[in-house]
Amino acid sequence: MSSRRPPWLLQRRFITTNTHTKPTSNPTHNPKWCVKQVSKSNFSETLENIKDQILKSDYIAVSLKKTGSHSAPWHRTLPIDTAQTAYLKAKYAAERFQLFQFAVCPFSIRDSKLIAYPYNFHLFPRDGLKLGMPCYSFMCQSSYLTSMANEGFDFNACINDGISYLSRAQELIARNRRGNPVISNLEQSSSPHSVADSLFLGRIQSRVKSWLKACKESKTGSEDALIRSLRKLMVGSEEYGSRPCLRIDVCSERHVQLALEVLKEFADDVVPMVIRAKGGGIQAVQVVLTSSKEDKDIFEKEQQCKEEDQNKLVRGFREVIDLISASQKPLVAQNSLNDFTIIHSKFLGPLPPSMDEFRTSLHLAVPHVLDISHLMDEISPLKKLNSVSAATSYMKRRFFAPIDAEIPQKVEADESKSHGYDVLRISQLFAKICSVLKISSETDKHSSSALKGYANIFNPYSASSDNHMEEDVRLSTDHPQKISTENIVFVWGFTLGTSAKMLRNQLLTSSEVLSDEFDVRILDKSCAVIAFSKPDSSTKFLEAMESGGNNCDSLSNLISEGLRAADYETYKRVCSLGLWEVKLADSLDKALETDFDGHTEDSQKESTEVYWRNSDLINLDEL
Amino acid sequence: MRKHMRMLMRRPVSQTLTLIERSFCSSTTTSFGIKNVTKSNFDAALLDLRQHIRAADFVAIDLEMTGITSAPWREAFELDRFDIRYLKLKDSANKFAVVQLGVCPFRWDPNVSAFLAHPHNFYVFPRQELSISGTSCEFMCQTASLEFLAKYQFDFNACINEGISYMSRGQEEEARRLFTSLYDDVFLDSHPSSKDIKDKPISRVADVLFTERMKSKISDWKNGLLQVRNRDHECQGSRKESFQQFENIFYLMRPAVKLHGFTSRQLRLIQLVTKNHFDDLAYIRVSGEGTSLQQLLVYTDSTTDKDLLMKEVKGILLKETELKIKNAVGLRHVIDLLSSEKKLVVGHNCFLDIAHLYSKFIAPLPATGEDYISSIAKHFPYIIDTKLLLNNNNVFQVIKQKRSTSLAKAFAFLCPDIVSGVKTSGSAYKPCIKVEVQVDDTRSSNWNSGAKHEAGYDAFMTGCVFAQACSHLGIKFESQVPSPSLALEEKLQGCINTLYLSWINGEIIDLTTGKRIVESSGSSDRKYHHSKIFFSNIVLLWGFPSKLKAAEIKECICKVFGQSSVASIYHLDETAVFVKFSKAELVTDFLHLKATLEKNNDPISVLHPLSKILDGGCTCAANYEVYKEICESPISEMLFADQAATIGIKWKTKLFVPKQKESHRETLGPEDGQFTGSTSPSEKEIKKLVSVLDGLSSGRTSNRLADSLHLAQAQIGR
């Protein structure tokens, strides 16, 4: 994997090991192109700047650097994947790996001119609040770390100075766990009081009254220090900041409500606050006495500011995500499924079990996601261009679409050795695509509707957004030929190193069930897929396999040598059960071992189709 | 340099000044760094280390890892049975990577009556130099552990950029197999892809044209060779033009062409042309720059010459492979050396370290703890744990009363001379054993880099502590004949090959006999350590309402089964608890009752005291055996309840048939007369443990997290 890195990386590597030379001959390093590097130390100042730029720009490009992607060849999205299985694969990766860099680039396109504000945020999931969040542990792939290192990425700085974050879901948990008092904004229900309730009410009421009285008395009369402290001890008065306060311990949510109800009576001078227990739930109600109406307002404002500051600290980098989300601007990304599953799991909340739920959930936060590779499909429908650099060079060869890039922000000289250029490349490529596709770059209503057709397509192998409900898949990337998933059968247990052709011949001679109309592809070393062109053939073949060869000697011979077969449903079950073994064959075996219950209902889906190509092998490298 | 700066920064100013003064006035200086070994200087360092290890009396080791536990509920608990403990150990060793290996050979130098130490600090990174299986090499990082390492200025860049890679024995065998099959392919043309082409006649027009063109070009070249030599230079000019992709070279004293810029299909066609039409040309693949194979056409005089050439090429390839594999084996050479020299290996609280060494360099960890324990001795015949040594000898009672037996504290107490770098007369014990340090050619009698939690330095400290401890035990190094004799020393026999399984409850294991014992206390009788744990009394409960605290769970169960029914409740994490019943029958009763309540969802079961626990409908319960099943899974979800769901537990209550044999019962009490030299752990440690457990049982989750962090730190750092 690592041996196949582009030559310019090797060159940089040489440079970075020799610290005295400056990177001068880096072809991608355009002096104009400076990406602002952001870490913990300059995060808050950057936040102010990026806020404006996000609001002013038309689009926002994002690009992520992860600590890994897939652990085995079949874990990546294959052409035979339906939207759902592709999503489950992306989900598995998103949940395991970590983000170290998140590049954001708000940009606008004005008359073939790209105005971009690129930022590269360095992240590390530091557990600043000691809550085991944002993440207890994560996976790394050495090849990913090595290639990051070759680009000169500073891991020491990342771990020491990376920005932490909490997802929206985690923030809720964190808020409940911090023991700080928070001004209560609980809904008060007026359910009838029981006897116990009334007793509690009365007790609290008298306690608050006597405390108030004591406070007022002590304010007027000058007392001896000893008496004052004694009094404090008796009424249980404490101080919150410079203001006196009283703590009422509660045992249940009901008590909290009752206490708040009592305190309404004294609403003119007291502010009720709730203290949450570490394990969740409310531990006590704190009553803070303010001296006047104005003082009360001041106090409430103070508290709000304090909470806001706290929250900022807690949210960390997620502030940026929240800004992007609030702006409702279209996001441009490459390989959007992988990127946005990560964004969802790290910054919004745990990933839902199905693609549709994910789509809905993400849509609430980010309404428009434009995937560069789908836009490229429009320009070159036959050739799949999966990397930004491949797409860029393709565009350069085929089209004359000059785009001037302007980066107004200034970046200090020492930041010239920077990362996150991909986000600029994505913006530039997007600008080119827009000019080739004649999509007007102004943000009027017309153009956004033109782009809408390309928005929110997450399945890497589906062509447009409206067929996302179908589960159509292909067998390969080029020359697609749709094939229903019903006609696909997985076979494994053949001799290692068998080629697709050999396997096909073996199968062809072994059974009458198999007429000439089927095709075989090797998926990973252990497993192959057969695609039948006749609708019933797959069932017939599976039946023959089930019956141990159907009186056909050579097939039963193959079976006795270990050949096994399963339908597409088994593959789906592999993904939904999370049986991510290194070899697909092992996963399929495991899926067959598990009970069948519970999957019968959800499999009665509409007919689904996949694509097939006339070549021996799926070239995994081009995916 | 970094280390040097660090050393200066870590010392109080006054001390630094004296050091500088000293270095000016004496020939020995203390200001040289530890021997850091990375990819670039590994071969040279290994050569030196080989000598040092062979001559050493013992070798101290230490590891730094990317993490300890993959999920909070996988941390070590008091209620872990041995098989569970092993599963947790295995999980940790399998998931996390070693990023630093400290190796420090110690040799007694009779000339100066001091130990000579050679501290080495290896940066490690699992890079997988030879990609064999096609799967990516991945490892887990625990966020807290990375932060901990960062706090002690661990250089992650050096580790990732320059770290030494390694290959286990299994991987090496696989690589060898792969290379052999690759050569068969080169020489016998048995590769399926080349067969494909050979099988069918060349049918594509483009292929036919290309083949013809190549045929003529190759014969041109051959004819050119056969022409008179002195006309060569004329031809060469024209040849260069026409054969841009053909570069004339000499290979093994024979004229040859290097093929440039062909696609693999074209190369296969050229190979075919050569085979079919040119008997005196040999098509060979040799390794070129980088990892790619270079394709050559070599002219041979005759078939015998061709055979000779093939033999030579095969020899070269084999040699190259051997070198490649040797390089890829990398760091394992160090471990192999320790193992083959049968050296006494000294570590501090090193049970996890040994497991990492085993899983990374020797073989995947066996399925059961018993198998693992019995196979350690085959590779590391003598292991000493200094923590155990200090805790189990009455001689060190003073240390235990004053300090904990963490490495840094033990080092500070036992070796004050080395710590301060100055000769002190007033040590608590007899005068210190002198330790001189040699890094490359520099030697010093008072070296101390002070870089705690750096594997090399930690190994050095461990070795010093061991040397000092031996001297206190009355072992005379002067009389020692070299090598294994120290391991056979009578005074160490109580400690050799015994390791802490877990220092939470002081359970230790004897690697030679496989017996497990709890450290017994000599004087003070502590109930805590003598209580036997009956695992058949334990119910594992998870998925209950998240707000439920341990005390409430206990209350609910006590309402049903009586006040004394529940002995204690331990939190695994916020979603799961162990309920320890006072009697084993209660376990069955509880599980049956739970199942019944869930089955009839009538008003009575709603009002039942247990309904508070069952609220939400996701509460699951099972006996202790299920805990093992869950720990066995390679998956590590953050929360226990999620883990159980992920590994596919669908039932809510697992009713089990009580087994006849008493295999679930594990005694954790001291077994009479089997371990003589043992004493109780220090007061402080017990207090700490008790407070940890209090935290656990009272369900203060945030404290638990703090504890786990503390634990993790303690385990990494010791």
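In which helix of chain A is Asn557(A) found? In this predicted model, in which local features need pLDDT of at least 70, side-chain atom pairs count only at pLDDT 80 or more and totals for chains, interfaces and linings use all residues, Asn557(A) lies in helix 20 (residues 553-560) of chain A. Residues are numbered from 1 along each chain as its sequence is written, chains are lettered from A and ligands numbered from 1 in the order in which they are written, and side-chain values use heavy atoms, with hydrogens and water left out. Helices (H or I, at least four residues) and strands (E, at least two) are DSSP runs, numbered from the N terminus.

With a relative accessibility of 42%, Asn557(A) counts as partly exposed; buried denotes under 20% relative accessible area, exposed over 50%, and partly exposed the range in between (1.4 Å probe, protein chains only). The C-alpha atoms of Asn557(A) and Ser510(A) are 8.6 Å apart, although 47 residues separate the two in sequence. Ser538(A) belongs to helix 19 (residues 537-546) of chain A. Its relative accessible area of 5% places Ser538(A) in the buried class. When residues up to four places away in sequence are not counted, Ser538(A) touches Glu486(A), Asn487(A), Val489(A) and Phe532(A), a contact being defined by heavy atoms within 4.5 Å.

Helix 4 (residues 142-150) of chain A is largely enclosed by the rest of the structure, because 7 of its 9 residues are buried. These buried residues are Ser142(A), Ser143(A), Leu145(A), Thr146(A), Met148(A), Ala149(A) and Asn150(A). Just after this helix, Gly152(A) adopts a positive phi of about 85°. For chain A as a whole, the secondary structure comprises 22 helices and 20 strands, and 54% of the 623 residues count as buried. Among contacts in chain A with a separation of 6 or more, 78% are contributed by residues 24 or more positions apart.

In chain B, an open sheet is formed by 4 strands in the order 7-8-10-9, with antiparallel pairing. Strand 7 (246-251) and strand 9 (281-287) of chain B are the edge strands, each of which pairs on one side only. From one strand to the next, the twist averages 35°. Two strands are taken to pair if DSSP finds at least two bridges between them; strand 7 and strand 8 (residues 254-259) of chain B are joined in the antiparallel sense over 6 bridges. Within this pairing, Asn248(B) stands opposite Val257(B) of strand 8 of chain B.

Helix 11 (residues 264-277) of chain B lies across strands 8, 9 and 10 (293-299) of chain B and runs at about 145° to strand 9 of chain B. Helix 12 (residues 303-329) of chain B packs on the sheet, touching strand 7, strand 8, strand 9 and strand 10 of chain B, and its direction makes about 10° with that of strand 9 of chain B. Axes are lines fitted to C-alpha atoms, for helices over the stretch in contact, and angles run from 0 to 180 degrees between N-to-C directions.

A further hairpin in chain B is formed by strand 20 and strand 21, with 2 residues between them. Strand 20 (residues 566-573) of chain B pairs with strand 21 (residues 576-581) of chain B in the antiparallel sense over 6 bridges, and Ser568(B) stands opposite Lys580(B) in strand 21 of chain B. Strand 20 of chain B is mostly covered, with 7 of its 8 residues buried.The axes of helix 4 (residues 82-95) and helix 27 (residues 624-632) of chain B come within 9 Å and cross at roughly 15°. Helix 4 of chain B and helix 27 of chain B are therefore roughly parallel to each other, where angles under 35 degrees count as roughly parallel, over 145 as roughly antiparallel, 65 to 115 as roughly perpendicular and the rest as oblique. Their crossing is left-handed, meaning that the near helix is turned anticlockwise from the far one by less than a right angle (right-handed if clockwise). In this contact, Asp83(B), Ile84(B), Leu87(B) and Lys88(B) of helix 4 of chain B meet Tyr624(B), Tyr627(B), Lys628(B), Cys631(B) and Glu632(B) of helix 27 of chain B. The residues involved divide into 5 nonpolar, no polar and 4 charged.

Gly102(B) is located in strand 3 (residues 98-109) of chain B and, at 0% relative accessibility, counts as buried. The C-alpha atoms of Gly102(B) and Pro119(B), 17 residues apart along the chain, are separated by 7.3 Å. Apart from neighbours within four places in sequence, Gly102(B) is in contact with residues including Ala60(B), Asp62(B), His120(B) and Ala459(B).

Key
Ala, Val, Leu, Ile, Met, Phe, Trp, Tyr, Cys and Pro count as nonpolar, Asp, Glu, Lys and Arg as charged, and the others, Gly among them, as polar.
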